[in-house]
Amino acid sequence: MSKNNFPKLHNATWPGIVGKGDHEPIISLDELLEKTAAANVNGVKFDGVDLGLFDPHVKLDTSDDHISWVVDKIGGYGLEIGTLVAPIWPPDGGSAMGSQEDRDRFVDVVKRAAEFGYKLRKQGIRTNNVIRIDSASGVEDWAKNPLENSKLIAETFRRACDAASEYGERLAAEGEICWGGMQSWRKMLDTLEMVDRDNIGFQADMSHTFLYLLGYNAPEDRILKQDFEWSDREELERGLKFLTSQLRPWTIDFHVAQNDGTVFGSGSHDKTGRHCLPTDPNGRLDIVKDAGYWLRDEQGNLTKAFNHICWDGCMFPNEVMHKQETWNSILETLIKVRDQHGWSE
């Protein structure tokens with residue numbers, strides 16, 4: 001058995017939808033829940049799921065009947081619910097730096113997601129109060145007027161924070177290089193500081209934030225040396241230490257992941273971090289050790305900044321996602337992270 005019981009271990013549901021639909025069929029919520037609930041490593045199981053509020057899995061419908069359906073569906077597998085993902089992109093949402101109508105739709109989606117999350121917490125199935133967002137804006141469009149567009153994004157995020165606070169929810173901006181105003185560690189910090197709300201923070205995904213080191217979409221903010229080679233683990237660790245020192249104080253949600261150092265895009269997620277299986281021979285991260293840069297401070301003390309960690313397997317091929325051993329392997333990796341950087345309560 002695992003020696004620690006915190007942070008809790010979650011799987012993500014949205015990889016069944018994101019990047020699917022064109023080349024491969026969407027994977028049903030039931031299959032994802034079945035695979036998650038069936039995963040077992042020496043008696044240790046997933047504690048819950050982080051839930052994308054996306055059709056066709058879940059509707060952004062805050063009616064009591066729909067909330068009860070979600071509770072019964074996920075609770076029926078013995079799983080809790082953690083972080084939610086608000087579908088802030090068009091057509092239901094809109095760009096955070098777009099027209100007034102776009103921005104109003106963005107805020108409205110966050111408000112409804114916050115009410116959804118509040119009702120799940122009231123039902124006792126949800127274990128935190130974090131909702132994931134991004135700017136829903138492309139880097140090229142943002143770059144046409146960086147100053148003004150960043151101001152608009154910050155204003156939209158402020159309004160979204162205020163709407164979320166009515167329901168006791170916090171917003172986590174995920175650092176992905178494909179989103180304008182969020183495409184580098186420095187621009188992400190600038191955006192968070194401009195928002196200036198107590199209930200906003202950063203969602204760190206080990207695959208996406210890894211590309212901050214390499215300066216994709218923002219060469220001026222590259223952290224690793226220009227002549228960096230993958231065999232130089234010392235330089236990689238220097239970069240990770242710097243990156244996490246900047247963003248860790250903001251981090252309120254965390255995805256364990258592997259990355260092979262390349263960019264990958266599908267659908268609206270253009271040029272973002274490629275999620276790899278934990279056993280991928282091309283993986284550039286020492287997952288267990290490198291998770292510690294996010295989970296511990298500079299002195300090596302546990303931050304305990306979040307009560308669960310999540311595996312995000314976006315863009316995995318369906319043939320990989322249909323296999324039960326995929327989820328057992330992922331669970332095994334999460335357990336190793338918790339054994340090394342977790343705690344008991």
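This report walks through selected features of a predicted model.

## The annotated domain

The UniProt record, an unreviewed entry, places "domain: Xylose isomerase-like TIM barrel" on residues 45-223. This span is 43% helix and 15% strand. Its end C-alpha atoms lie 37 Å apart.

## Helix 6 and its neighbours

Helix 6 covers residues 185-195, and helix 8 covers residues 233-247. The two pack at an angle of about 10 degrees. Their axes are 10 Å apart. Angles under 35 degrees count as roughly parallel, so helix 6 is roughly parallel to helix 8.

Which residues meet? From helix 6 come W185, M188 and L189. From helix 8 come F242, L243, Q246 and L247. The residues of this contact divide into six nonpolar, one polar and no charged.

Several residues of helix 6 are buried: W185, K187, M188, L189, T191, L192 and V195. What covers them? The cover includes helix 4 (139-143), helix 5 (146-165), strand 5 (170-174), strand 6 (200-205) and helix 8.

## Positive phi angles

Most residues other than glycine have a negative phi. D196 has a positive one, near 55 degrees, and is not a glycine. D196 follows helix 6 and sits in the loop between helix 6 and strand 6. Is D196 buried or exposed? Its relative accessible area is 60%, so D196 is exposed.

N217 is not a glycine either, yet its phi is positive, about 65 degrees. The loop between helix 7 (206-210) and helix 8 holds N217. With a relative accessible area of 27%, N217 is partly exposed.

## Cis peptide bonds

Most peptide bonds are trans. The bond joining D55 and P56 is cis, with omega about 0 degrees. P56 lies in the loop between strand 2 (48-52) and helix 2 (64-75).

Another cis peptide bond joins P90 and P91, with omega about 5 degrees. P91 belongs to the loop between strand 3 (80-85) and helix 3 (100-123).

## Cysteines without disulfides

A disulfide is a covalent bond between the sulfur atoms of two cysteines. How many disulfides does a search of the whole structure find? It finds zero. For C161, the nearest cysteine sulfur is that of C178, 20 Å away. C161 counts as buried because its relative accessibility is 0%.

C276 is in no disulfide either. Its nearest cysteine sulfur, that of C314, is 13 Å away. At 3% relative accessibility, C276 also counts as buried.

Methods:
Residues are numbered from 1 along each chain as its sequence is written. This is a predicted model: local features need pLDDT of at least 70, side-chain atom pairs count only at pLDDT 80 or more; totals for chains, interfaces and linings use all residues. Side-chain values use heavy atoms; hydrogens and water are left out. UniProt positions are given in the numbering used here, feature names are shortened, and annotations may be inferred rather than shown by experiment. Helices (H or I, at least four residues) and strands (E, at least two) are DSSP runs, numbered from the N terminus. Axes are lines fitted to C-alpha atoms, for helices over the stretch in contact, and angles run from 0 to 180 degrees between N-to-C directions. Angles under 35 degrees count as roughly parallel, over 145 as roughly antiparallel, 65 to 115 as roughly perpendicular and the rest as oblique. Contact means heavy atoms within 4.5 Å. Ala, Val, Leu, Ile, Met, Phe, Trp, Tyr, Cys and Pro count as nonpolar, Asp, Glu, Lys and Arg as charged, and the others, Gly among them, as polar. A disulfide is a pair of cysteine sulfur atoms within 2.5 Å. Buried means under 20% relative accessible area, exposed over 50%, partly exposed in between (1.4 Å probe, protein chains only).
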